[in-house]
Amino acid sequence: MIIETAKLNLYYGKFQALKNINLQIKRNLITGIIGPSGCGKSTLLRVFNRMNDLIENVRITGSVFFDKEDIYSPLYDIIMLRKRIGMVFQRPNAFPLSVFDNIAYGPRVWGMNDKMVLNEIVERSLTAVDLFNDLKDRLKTSALALSAEKQQRLCIARLLAVEPEVLLMDEPCSALDPIATGKIEELMQELKKRYTIIIVTHNMQQAARIADEVGFMLLGELIEFDSAKKIFTNPRDKRTFDYISGRFG
Amino acid sequence: MKDKIAEKFLMVVAFSAILTLALISFFIFQQGLPLIFKAGLHNIFSTHWAPTRGHFGILSMIVGSIMVTAGALIIGVSFGLACTIFLSEFSSGTIQKTLKPIIELLAGIPSVVYGFMGIVILVPFVRTHFGGPGFSVLTASIILGIMILPTIVSISYDSLRAVPKTYREGSFALGATKWQTVVMLLIPAARSGIIAGIILGMGRAIGETMAVIMIAGNALKIPHSILDSVRTLTSTIALELGYATGDHRAALFACGSFLFIIIVILNIIAIRFKGKE
């Protein structure tokens, strides 16, 4: 168990976006979170690296444990948390810097300025997402000149550069075409060996293809959480069945 | 039919604005250029300014304009950027909504008021605490620095705000602090807008006349320290045009031509940077 929530509630002002979420995420698996738009799945993902802290008027009750420590306890080091739990966003958000500076951004934030070491990190990270051969002669060009898929890969590489333990992915393929999506999914299978991945997606086929465990959310509640096989073949809850069989969503 | 008339009318109005600019530039150069050719660049770029006796050296004024502008930039850019970063990244919505209009209001204060505040408060302050006559490069730089704040703040604020939220999120998600995000990501991302703001502020500082006349001292020499008096190109034109005739008058237009060229160059650079965004 790497992440665990207990009686987690989250409010945006008066609106309750997450209702009594209890879930357990296992190490080195891909956990998918599915559900219709507005069900709170992205909000839940952003609880894990405390990205919701950036929004005003957010209130959280209950607890979230990462590696057995409560990340919402007042003394918890958020900066360290965000190094250990990285995030890939819905739209590729490669910075308007060179490819090299994008990858080196995280390590530099963490105080690494040795050119040799940075070179090594950049090479290693780009290799991990299968971009190095492609980009090795273009490290100085702007990252914004790359295709959407390559930008998303670059964003993943940028995360790997700070050596996280968990990768949060918020609909990482929603801005990509099917072929690019397939490639990113392949990459995720590869990354699973070394990282724990939590992916939010509204694409059920995607969850079925890549996730080991799946949680189904609806209107802020976690309706069901089980192995992907169970969820997609024999769900316990009628609402889950209705959703995966396409009755709504 | 009515549409056609409105269209033609608006076109005439729009072109008359451009025509005015064309006429101004034509007139300045038409009056100034002959003297520059007649006297020769050697005479123009000397420090001897006695236009009624054939000496048209405007070097000390050019140096004066440059020093005052540079001083204004040092003050305006450092305070302006600090202010922008605070407003855009470190303050709440309410503070932003209160402070930004107030800073923009600075742009609406007539320059004679700045000059007046300079004479009453800053000149004596500089004289007693730093020495010299008080009417100096330093005094003029401080006042001009304050005057260009709104230009720098509002343009660089807009370009910082225009940096997509997703960049900030991406940076925070890598464990960067707010300050690291500002320095490593937001300023580079908003760089072209910030530079455009600085250049426009610079244009304003070079062109400012009234406040500078009142507080710079207007001594016709190349200053040796920031506590010396200076005279700028604009001050010379404003102070002398009232009684100048003949070549003297033409020499003032020559000053104008130099100013014009400097400001056009600055604006072209600013537009280039803005366009890059």
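Predicted model: local features only at pLDDT ≥ 70, side-chain atom pairs only at ≥ 80, totals over all residues.
Me: OK. At what angle do H3(A) and H4(A) pack?
Reply: About 110°, with their axes 9 Å apart. H3(A) and H4(A) are therefore roughly perpendicular to each other.

Me: Which residues meet there?
Reply: From H3(A), Phe100(A), Ile103(A), Ala104(A) and Pro107(A). They meet Leu118(A), Ile121(A), Val122(A), Ser125(A) and Leu126(A) in H4(A).

Me: How do the residues of that contact divide into nonpolar, polar and charged?
Reply: Eight are nonpolar and one is polar. No charged residue takes part in the contact of H3(A) with H4(A).

Me: Switching to the two chains. How many residues of chain A are in contact with chain B?
Reply: 21, and they touch 15 residues of chain B.

Me: Which elements of chain A give two or more residues to that side?
Reply: Helix H2 (78-84), strand S6 (85-88) and helix H3 (99-109) of chain A. H3(A) gives the largest share, four residues.

Me: Now chain B. Which residues of H8(B) are buried?
Reply: Thr181(B), Leu185(B), Leu186(B) and Ala189(B), in a helix that runs over residues 178-189.

Me: Why do they line one face of the helix?
Reply: Because, seen down the axis of H8(B), the buried residues fall within an arc of 85°.

Me: What covers them?
Reply: The cover includes helix H6 (137-161) and helix H7 (165-173) of chain B.

Notes:
Residues numbered from 1 in each chain as written. Chains lettered and ligands numbered in written order. Buried ≥ 20, exposed ≤ 12 C-beta atoms within 10 Å, placed from the backbone. Arc of directions from axis to C-beta. Contact = placed C-beta atoms within 7 Å. Axes fitted to C-alpha atoms, helices over the stretch in contact; angles between N-to-C directions. Parallel < 35°, antiparallel > 145°, perpendicular 65-115°, else oblique. Nonpolar A, V, L, I, M, F, W, Y, C, P; charged D, E, K, R; others polar.
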